[in-house]
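Biologist: I am new to this structure and would like a guided tour. Could we begin with one of the loops?

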Amino acid sequence: MSNPQAISPLSPLITRLGKYSTTVDGAVSFFWTGAGIEFTTTNSSIYLDIESDYNDNALEIWLTIEIDGSLIQRICLNKGRQTICAFRNADCKARTIRILRESQIDFYASVHALRIHAISTKDSDGMVLLDPPAHKLNIEFIGDSITDGGWGNSGGDMRPSSERSEWDKNHIYGHSYMMLCASHYQSERAIADMTFWNRGISGNTLQQLSERWQEDCIALRPNVVSILVGTNDDRLSGIELRKTGKTSLEIFERHRRAVLGYARSPGQETDRFAALGYRHDHRFVPSGLRVAGHHQLHRHPVHQDGRECDDGLDD
C-alpha cells in the first residue's frame, strides 16, 4: 500500500466479524448487518480506506463506528472508494474499535458491496495495534430441544454439533432462551469479553449428553456452563413407570454424576448451573438435587408451572 502507516484488514491483530470474503487486492468485503472489523489500538486518530458500491436504485450503505462499545458516529457512504475519519484527537490510551456495516444487504440490487481496503493513522508513530483482549467469559448452554432452538441451521432435527453450520451467524444461537440470554448480555455489556455457544441437541437424554460431553463441552473450555436437560429422561421414565411401575433412578443419577464430574476435571475452571424439570416421577427431583449438592451447584427446584418448591434437602 502507498501509505506506509496503513495496515490491511487481514492483519492477525484485527478480528473480522460476521460474514465476509476477501478480494484479490487484499480488501475485505462485508455482507450482513453487524459484520465488520474489531481491533484494539492506542492511536489518537484512525482513518479508513473504504469502498461502497451499489446500484443507483438500491439503498445506500451505512457504517457505524464504536469505541469501547459506545456508538460515536454513523456514516452514510458515498459510492466509490473514499477515505473517512473514524476519529481523531483522542488521547493515546488503549481502546477497542468496531467498524460495522449497519445496512442490510439489498437483495433486489445486483451490486450492494462494502469493502475495507486499509486502516491508517496520521499519528507520527504510525499504526499501533495491540493483541486482542482474551475472552474473560466463555459461556455455554447445553441440553436438549429447549436449548437447541434450531441453532446452526439444524431445522430442529437431532444432527450433531459437528454437522451444524457455524458460518451463518444469523442462526448461530438458534431461537430459544439461549439466544435471548446471549443477546441480552452482548447488547447490555457490549464491551465485556464474552463468547457464547449453543450446544443443545433436540431429543437428547442425559446419557446422550454425557456421551458428547468431551466434544461439545470440555473441548470448548467454557468458564460457565448452563445445563438444562432431563425432559426426555422424564418422558422415558414415564413410559417405563406406566409399563413396569419402576424407573431407572440409579442409571439417571450415574449419568448425571458423570457429566458434572467431567466439569471438575483437571484444567476445567467452570462455574456450573444445573436446571432440570420433571413431571412423571417426583423421585427424580431429590436424585438430581443430591448430585447438585455433591458438586456444589446452585439448587433452585421449581414445579412444572414455574412455582418454587422445597427441595427437601438441607443446605
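Modeller: Let us begin with Arg221, which lies in the loop between α4 (213-216) and β14 (224-228). Helices (H or I, at least four residues) and strands (E, at least two) are DSSP runs, numbered from the N terminus. Arg221 has a positive phi of about 50 degrees although it is not a glycine.

Biologist: What kind of model is this, and how are residues numbered?

Modeller: This is a predicted model, in which local features need pLDDT of at least 70 and side-chain atom pairs count only at pLDDT 80 or more, while totals for chains, interfaces and linings use all residues. Residues are numbered from 1 along each chain as its sequence is written, and side-chain values use heavy atoms, with hydrogens and water left out.

Biologist: Which loop holds Asp68, and what is its phi?

Modeller: Asp68 is found in the loop between β6 and β7 (70-76). Its phi is near 50 degrees, a positive value in a residue other than glycine. Asp68 is partly exposed, with a relative accessible area of 29%; buried means under 20% relative accessible area, exposed over 50%, and partly exposed in between (1.4 Å probe, protein chains only).

Biologist: Stepping back, how many helices and strands are there in the protein chain?

Modeller: The protein chain has seven helices and 15 strands. Of its 315 residues, 45% count as buried. Among contacts with a separation of 6 or more, 71% are between residues 24 or more positions apart, where contact means heavy atoms within 4.5 Å.

Biologist: How many residues are in the largest nonpolar core?

Modeller: That core has 26 residues, and those with the most contacts inside it are Phe39, Leu63, Ile99 and Ile119. A nonpolar core is a set of buried Ala, Val, Leu, Ile, Met, Phe, Trp, Tyr and Cys residues joined through side-chain atoms within 4.5 Å. In soluble globular proteins, nonpolar side chains tend to be buried together.

Biologist: Which strands supply at least two residues of this core?

Modeller: They are β3 (28-30), β4 (36-41), β5 (46-54), β6 (62-67), β8 (80-87), β9 (95-101) and β10 (112-120). Of these, β5 gives the most, with four residues. Apart from this core lies another, of nine residues, among them Ile142, Leu209, Trp213 and Ile218.

Biologist: What is Leu63 in contact with, leaving aside its neighbours within four places in sequence?

Modeller: Its contacts include Leu48, Ile50, Ile75, Leu77, Ile84, Ile99 and Leu114. Gln73, Arg74, Arg101 and Glu102 are also among them.

Biologist: And Ser52: buried or exposed?

Modeller: Ser52 is buried, with a relative accessible area of 1%. Its place is in strand β5. Not counting residues up to four places away in sequence, Ser52 touches Ile61, Leu77, Asn78, Lys79, Gly80, Gln82 and Ala113.

Biologist: In what order do the five strands of the open sheet run?

Modeller: The order is β2-β3-β10-β5-β8, and the pairing is antiparallel. Two strands pair if DSSP finds at least two bridges between them. β2 (20-22) and β8 stand at the edges, each with a single partner strand, so one side of each is left without a neighbour in the sheet.

Biologist: Over how many bridges do β2 and β3 pair?

Modeller: They pair over three bridges, in the antiparallel sense. The bridge partner of Tyr20 in β3 is Phe30.

Biologist: How are the rings of Tyr20 and Phe30 placed?

Modeller: Their centres are 6.2 Å apart and their planes at 45 degrees, so the pair is tilted. Rings of Phe, Tyr and Trp (its six-membered ring) pair if their centres lie within 6.5 Å; planes under 30 degrees apart count as stacked, over 60 as edge-to-face and the rest as tilted. Tyr20 is partly exposed, with a relative accessible area of 34%, whereas Phe30 is buried at 2%.

Biologist: What about Phe141 and Phe196?

Modeller: Phe141 and Phe196 form a stacked aromatic pair, 6.5 Å centre to centre with 20 degrees between the planes. Phe141 lies in strand β12 (residues 137-143) and Phe196 in strand β13 (residues 194-200), so the pair ties together parts that are 55 residues apart in sequence. Both are buried. Ring pairs link Phe141, Tyr173, Tyr177 and Phe196 into a cluster.

Biologist: Finally, how many disulfides are found?

Modeller: A search of the whole structure finds zero disulfides, a disulfide being a pair of cysteine sulfur atoms within 2.5 Å.
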